[in-house]
Amino acid sequence: MSAYSKSRDWKKIDDDSILKLIKEILDNLANDSIIQNNSEMLERKYGKPEGFVCNLIFHMDIDNENLILEELKKDKIIYL
């Protein structure tokens, strides 16, 4: 488990650390523990539903950490 995924202070994590978390997922696609821990932290940080990061990687075939970060930052809430 990486130093990044051990940190539970997801509110204070910066873009550089987020890119490292995403890269760690992409470099370890066979390691469920890393995928789970890092995805959970990213989804909490950006208020995304569980499975959002895995959907981007495995279903939408996005394998670029910058593109994944862009998707995480998108606000897809409809305000009335």
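Is K48 buried or exposed? K48 is buried, with a relative accessible area of 15%, where buried means under 20% relative accessible area, exposed over 50% and partly exposed in between, with a 1.4 Å probe and protein chains only. The structure is a predicted model, in which local features need pLDDT of at least 70 and side-chain atom pairs count only at pLDDT 80 or more, while totals for chains, interfaces and linings use all residues. Residues are numbered from 1 along each chain as its sequence is written, and side-chain values use heavy atoms, with hydrogens and water left out.

The chain holds five helices and zero strands, and its elements run α-α-α-α-α from the N terminus on. Helices (H or I, at least four residues) and strands (E, at least two) are DSSP runs, numbered from the N terminus. Of the 80 residues in the chain, 36% are buried. The accessible surface comes to about 5300 Å², and carbon and sulfur atoms account for 50% of this surface; areas come from the Shrake-Rupley method with a 1.4 Å probe, and for residues only the protein chains shown count as cover. Among contacts between residues at least 6 apart in sequence, 52% join residues at least 24 apart, a contact being heavy atoms within 4.5 Å.

K48 belongs to the loop between α3 and α4. Not counting residues up to four places away in sequence, K48 touches E43, E71, L72 and K74. The charged end of K48 sits over the ring of F52, 5.4 Å from the ring centre. Such a placement requires NZ of Lys or CZ of Arg within 6 Å of the ring centre and within 35 degrees of the ring normal. For K76 and K48 the C-alpha distance is 9.6 Å at a sequence separation of 28 residues. K76 lies in the segment after α5 and counts as exposed, at 53% relative accessibility.

Helix α5 spans residues 65-73 and contains E71. E71 is buried, with a relative accessible area of 12%. Its contacts, not counting residues up to four places away in sequence, are K48, F52, L56, I62 and K76. The side chain of E71 also makes a polar contact of 2.9 Å with the side chain of K74. A polar contact is a pair of N or O atoms within 3.5 Å; within protein, one must be able to donate a hydrogen and the other to accept it, and residues adjacent in sequence count only if both atoms are side-chain atoms.

The buried residues of α5 are I68, L69, E71 and L72. Viewed down the axis of α5, these residues fall within an arc of 160°, so they line one face of the helix; the arc is that of the directions from the helix axis to the C-beta atoms. An α-helix has 3.6 residues a turn, so residues three or four places apart point the same way. The cover over the buried residues of α5 includes α2 (15-27), α3 (32-46) and α4 (52-59). L67, also found in α5, is partly exposed at 43% relative accessibility. L67 and L56 are eleven residues apart along the chain, and their C-alpha atoms are separated by 9.4 Å.

In α4, the buried residues are F52, V53, L56 and I57. Seen down the axis of α4, they fall within an arc of 130° and so line one face of the helix. These buried residues pack against α2, α3 and α5.

The loop between α4 and α5 includes D61. Just after α4, D61 takes a positive phi of about 55°. Most residues other than glycine have a negative phi. D61 counts as exposed, at 63% relative accessibility.

In helix α2, S17 is buried, with a relative accessible area of 18%. The side chain of S17 makes a polar contact with the side chain of D14 at 2.9 Å.
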